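User: I've got this one open in the viewer and would like a close look at a single part: the ligand shell and the elements that build it. Could you walk me through it?

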Amino acid sequence: MKLVCEKNKCAGCMACVDACPAKAVTVRDEVKCFNAVIDESKCLNCNLCHKICQQKNSPVHREPIYWKQGWSNSEETRKTSSSGGFAYELMKTFVGRGGYVCSCRFDKGLFTFYITNKIDELRSFSGSKYVKSNPVGIYKQIKELLKNGQQVLFVGLPCQVASLINFTNNNPNLFTVDLICHGTPSPKVLESFLKSKKIKLNDVEHIAFRTGDGFMVVPDGARLAGGNGQDYYIIPFIDGDSYTENCYSCEHASINRVSDITIGDSWGSKLPDEMKKNGVSLALCQTEKGRKLLEESDVTLYDVDIDAAKASNPQLVGPSKCTGHRDKLLSGVAKCIGYNSIIRRTYTKRYYRSLFRRVCRKIGLK
Ligand SMILES: Cc1cc2nc3c(=O)[nH]c(=O)nc-3n(C[C@H](O)[C@H](O)[C@H](O)COP(=O)(O)OP(=O)(O)OC[C@H]3O[C@@H](n4cnc5c(N)ncnc54)[C@H](O)[C@@H]3O)c2cc1C
């Protein structure tokens with residue numbers, strides 16, 4: 001089988017699918033890993049897929065030149081965003097300058113990408129989606145806009161940003177914002193979890209992974225478990241067990257980045273709790289054009305200690321590490337075993353602790 005990049009190390013960024021003029025590349029989601037497979041009967045040996053693959057040819061990683069923490073000046077934006085709302089404000093400024101913005105949104109069961117130059121459509125991007133998103137088709141559209149002299153801001157995962165830079169030959173009209181990223185699970189893990197709750201992802205209209213109460217999966221406003229970090233999707237996500245293979249050797253999990261701006265949570269913030277309670281974003285700017293965009297945006301900025309930020313945000317230092325549970329968890333999902341039963345067998349103590357809490361709540365003990 002001919003593959004675009006090293007076996008089981010595909011990030012699922014889909015740029016090779018967009019690059020192939022013969023439609024010879026298919027990306028296979030095998031739950032534990034993705035693989036970009038080349039159909040040799042169609043392949044023209046043009047090597048475009050290899051050239052743009054960020055796994056094989058990563059763009060230059062640069063040190064940040066400027067770093068700040070802070071939040072959007074709009075209370076509504078801060079409320080609807082996962083951290084302090086930097087992503088929304090950067091996009092708004094960019095559209096205000098006459099540019100186009102591309103980012104990820106949940107639409108008809110899929111985590112796809114969309115391009116707009118309308119401010120009133122930007123809210124549809126808000127919120128972290130703790131799952132591997134699918135940018136197929138978007139690389140070509142962005143390249144076309146750039147070719148026509150438009151400026152485009154892309155907000156996405158670091159691997160997607162890296163491939164887009166390759167795909168567009170580092171076009172100066174492209175602006176990129178990447179997220180500090182723990183790692184991403186195949187959407188099949190989410191589907192399996194939701195199935196255990198008798199919910200089909202395809203039937204969900206809106207899904208959140210973070211609320212004011214913390215990390216949890218909330219489809220169409222329905223809370224599926226107790227509190228912060230307690231649902232069976234979030235437990236392996238936070239433990240670092242549910243990601244695809246490539247994430248554990250991700251070279252973007254570093255303080256040096258490929259994007260103009262990197263955003264995440266300002267976990268190491270020393271600001272008073274009262275100021276932090278509605279979310280604090282962290283921004284690292286690697287380029288002057290990134291710095292200018294941040295400074296022009298409608299945000300309040302505070303100094304941040306970059307060493308404290310690195311110490312509290314391990315993915316600025318290196319890739320996530322999994323626990324010994326990963327194999328059992330993902331093999332179970334790949335074999336379509338019921339999700340509750342996978343969790344019972346894999347995270348046994350936590351499964352029974354959570355069951356005990358649920359029973360107590362039901363009989364009014366808590
Ligand atoms: C999988 C994942 C892992 C993360 N891990 C960390 C971490 O370890 N440490 C940390 O500090 N921050 C992490 N973040 C980033 C954090 O959750 C916030 O998204 C970030 O701080 C931006 O917050 P915000 O309030 O500015 O914007 P938000 O309202 O959160 O908007 C985020 C922007 O990113 C886009 N986006 C969201 N999910 C995806 C996705 N799956 N694929 C592509 N684009 C997406 C949205 O479309 C939107 O444009 C992670 C995010 C994701 C998606």
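Analyst: Let's start with a pair of strands: β5 (100–107) and β6 (residues 110–116) run antiparallel and are joined by 7 bridges. Strands here are DSSP E runs of at least two residues, helices are H or I runs of at least four, and both are numbered from the N terminus; two strands pair if DSSP finds at least two bridges between them. β5 and β6 make a hairpin with 2 residues between them, and K108 in the turn has a positive phi of about 50°.

Before going on, keep in mind that this is a predicted model, where local features need pLDDT of at least 70, side-chain atom pairs count only at pLDDT 80 or more, and totals for chains, interfaces and linings use all residues. Residues are numbered from 1 along each chain as its sequence is written.

Now the ligand. There are 33 residues around the ligand, and S81, S82, A87, S133 and G264 come nearest (a residue counts as near if its C-beta atom, placed from the backbone, lies within 6 Å). β5 supplies at least two residues of that shell, and so do α4 (86–96), β7 (152–156) and β11 (261–265). By type, the shell has 13 nonpolar, 17 polar and 3 charged residues; nonpolar means Ala, Val, Leu, Ile, Met, Phe, Trp, Tyr, Cys and Pro, charged means Asp, Glu, Lys and Arg, and the others, Gly among them, are polar.

Because 8 of its 11 residues are buried, α4 is largely enclosed by the rest of the structure (buried is 20 or more other C-beta atoms within 10 Å of a residue's own, exposed 12 or fewer, partly exposed in between, with C-beta atoms placed from the backbone). The buried ones include A87, L90 and M91, along with the charged E89. Just after the helix, G98 takes a positive phi of about 100°.

Beyond its neighbours within four places in sequence, L90 is in contact with L153, V177, I261, L293, L294 and S297 (contact is C-beta atoms, placed from the backbone, within 7 Å). In the largest nonpolar core, of 95 residues, C16, L90, M91 and L153 have the most contacts; such a core is a set of buried Ala, Val, Leu, Ile, Met, Phe, Trp, Tyr and Cys residues joined through C-beta atoms within 7 Å. At least three of its residues come from each of domain 1 (2–52) and domain 2 (58–366), with bounds from an automatic or database domain assignment.

Conventions. Two residues are in contact if their C-beta atoms, placed from the backbone, lie within 7 Å.
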